[in-house]
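The following exercises are to be worked with the sequence and the coordinates at hand. Each task is followed by a solution in steps.

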Amino acid sequence: MPKENVTAEHLKSLKVQEAENKMQHDLDRLLELCPSDEIEKYRELFRNFMTLFKRFLLKSEKVQWQEIRSLPPEYLIDYNSFNNPGKDIIKGMLDKLVVVKLNGGLGTTMKCMGPKSLIPVRNGLTFLDLTIQQIENLNTEYETNVPLVLMNSFNTKDAIGDTLKKYRNLNIKIYTFMQDKYPHINAENFEPLPKSFENDESFWYPPGHGNFYESFSRSGLIKKFQEEGRQLCFVSNIDNLGATVDFAILNFMLNNSKSNGPDFLMEVTHKTPADVKGGTLVLHNEKIRLLEYAEVPYEHLDEFKGARKFKYFNTNNLWMKLEPIINLTTNNELVLGVIENKKRMASERGIFDVIQLETPIGAAIQSFPGALGVAVPRSRFLPVKSTSDLFLLRSNVYILKDGKIVMNPQRSFPSAPLVRLGDEHFGDYRDIDKRFAKIPDCIDLHHLTVSGDVTFGKDVSFSGNVTIIANHKERIDIPQGSELQGKIVTGCLRIVDY
């Protein structure tokens, strides 16, 4: 008998099967060490992880660029075409709404070791404080009871649970559920890093906000809300302070005369130079889809980052009906892209290059029939990803109103200034309080760059373009009452008391 030809595809399938079998074997051995009272939980968790791992082994990392088209106008609605409902029907709409905040992240980018949502943002209020204040004000004004739901991770669960105790007497019901906990993968040999359940939590990770659908459905909260007559949820990142309940969008979702509203609506907004890596909505094989930066072939990255072909990016503000979420998760019909997130990790066992397999929540748009995008104003996207963002939100460029951060009407420019604070001296969120005696007046600021060892006295004002750069191992002290208009300050400037 002649030997069967071994094709490249066959070899690839053998390698995939080998990796899959090895991972399953390693997880089975790990499960044998699981505490008896948690074994069923981890058995299901590992089953879900293996589903994601198989998709990772089989998936093509990059899309076929020739199959990608800019999103046609019929898939993207202009927010300005929405009707604002009268106050008499708002209460009835709010009775059908659930607000969900994605709250699994740590504030490590700003040197915070706890939940990011507990970082003070303004007037001593945290992201969580502001979110709760928004919903409480909504419930009080419209005599309704919109619930707030927090999706925590194992990293944030305990700290958030302790913090929520102080809100027990407010006019708001707060619910929590936890996203899954997956093992890090050794990038070199595809082995799971945990070797027991007593290891450091750093060997585990929460698998991205795309895990929302399965975790939310499994929590039982969807069924509870449906029994209360609720029909849809508004989901957003807790660090996006522009993601507030919008009555015009809510009205479109519930009372669209043409189709009784779409099952899924993604808010997108115009790109700026700061948003070049944000996912964008495209048409792929005649179907709406979220295209992520990691999926773009290298030779087309410049085209993806530009605003000529892809003018909008995903804000991660998502509106979706509850019933389709149940149907898609129950029938295992949810399609989510797999993102391979590589990181370097140091532990007692040495330094590892590890892989986190994650899924983006917005990728589910392709699973909801009739899904649409809506082009919203930039004010709907106000995230805090760095101390530069935090500085700006604490300045007088914005004001605080009923828990909402909004642009100061005294600012004569329609957009916020661009602020860049150097990581070495301003990377920790506590550096803002340490280096600024008081946040300067930024109402007329265009662009601010600060780098090096720089401190600021009280009653400083910026306007136009301002650059302050201290030389290495030298320091600049900006004196109290300084007015910097279109100034460049470099070198060394030390103010000392007599």
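The exercises below concern a predicted model.

**Exercise 1. Determine how far helix α8 is covered, and describe the contact at its start.**

Solution. 
1. Helix α8 spans residues 247–255.
2. The buried residues of α8 are Phe 247, Ala 248, Ile 249, Leu 250, Asn 251, Phe 252, Met 253 and Leu 254.
3. Eight of the nine residues are thus buried, and the helix is mostly covered.
4. At the start of α8, the backbone nitrogen of Ala 248 has a side-chain oxygen of Asp 246 within 3.0 Å.

**Exercise 2. Classify the aromatic pair of Phe 82 and Phe 252, and state which parts of the chain the pair ties together.**

Solution. 
1. A pair of aromatic rings is described by the distance of the centres and the angle of the planes.
2. The structure holds 30 aromatic pairs. In the pair of Phe 82 and Phe 252, the centres are 4.5 Å apart and the planes make 20 degrees.
3. Planes under 30 degrees apart count as stacked, and the pair of Phe 82 and Phe 252 is stacked.
4. Phe 82 belongs to the loop between β2 (76–78) and α3 (87–94), and Phe 252 to helix α8, so the pair links parts that are 170 residues apart in sequence.

**Exercise 3. Classify the pair of Phe 212 and Phe 216, and relate the pair to helix α6.**

Solution. 
1. The ring centres of Phe 212 and Phe 216 are 5.1 Å apart and the planes stand at 25 degrees, so this pair is stacked.
2. Phe 212 and Phe 216 are four residues apart in helix α6, so about one helical turn separates them.
3. Phe 212 and Phe 216 are both buried.

**Exercise 4. Locate the UniProt binding site at His 209, and decide whether His 209 is buried, partly exposed or exposed.**

Solution. 
1. An unreviewed UniProt entry places the feature "binding site" at His 209.
2. His 209 lies in the loop that runs between β10 (204–205) and α6 (212–219).
3. Buried means under 20% relative accessible area and exposed means over 50%. With 27%, His 209 is therefore partly exposed.
4. Beyond residues up to four places away in sequence, His 209 touches Leu 102, Met 151, Asn 237, Asn 316, Thr 359, Pro 360 and Ile 361.

**Exercise 5. Identify the residues that touch the most other members of the largest nonpolar core, and list the contacts of Phe 462.**

Solution. 
1. The largest nonpolar core has 74 residues, of which Leu 94, Leu 97, Phe 462 and Ile 468 touch the most other members.
2. Residues up to four places away in sequence aside, Phe 462 touches Phe 391, Pro 440, Asp 441, Cys 442, Asp 444, Leu 445, Leu 448, Phe 456, Ile 468 and Leu 484.
3. A second core, separate and of 37 residues, includes Ile 222, Leu 322, Leu 334 and Ala 371.

**Exercise 6. Describe the setting of Asn 186.**

Solution. 
1. Strand β9 (residues 185–186) contains Asn 186.
2. Asn 186 counts as buried, at 11% relative accessibility.
3. Apart from neighbours within four places in sequence, Asn 186 contacts Glu 191, Leu 193, Phe 352 and Asp 353.

Methods: Residues are numbered from 1 along each chain as its sequence is written. This is a predicted model: local features need pLDDT of at least 70, side-chain atom pairs count only at pLDDT 80 or more; totals for chains, interfaces and linings use all residues. Side-chain values use heavy atoms; hydrogens and water are left out. Buried means under 20% relative accessible area, exposed over 50%, partly exposed in between (1.4 Å probe, protein chains only). Helices (H or I, at least four residues) and strands (E, at least two) are DSSP runs, numbered from the N terminus. A polar contact is a pair of N or O atoms within 3.5 Å; within protein, one must be able to donate a hydrogen and the other to accept it, and residues adjacent in sequence count only if both atoms are side-chain atoms. UniProt positions are given in the numbering used here, feature names are shortened, and annotations may be inferred rather than shown by experiment. Contact means heavy atoms within 4.5 Å. Rings of Phe, Tyr and Trp (its six-membered ring) pair if their centres lie within 6.5 Å; planes under 30 degrees apart count as stacked, over 60 as edge-to-face and the rest as tilted. A nonpolar core is a set of buried Ala, Val, Leu, Ile, Met, Phe, Trp, Tyr and Cys residues joined through side-chain atoms within 4.5 Å.
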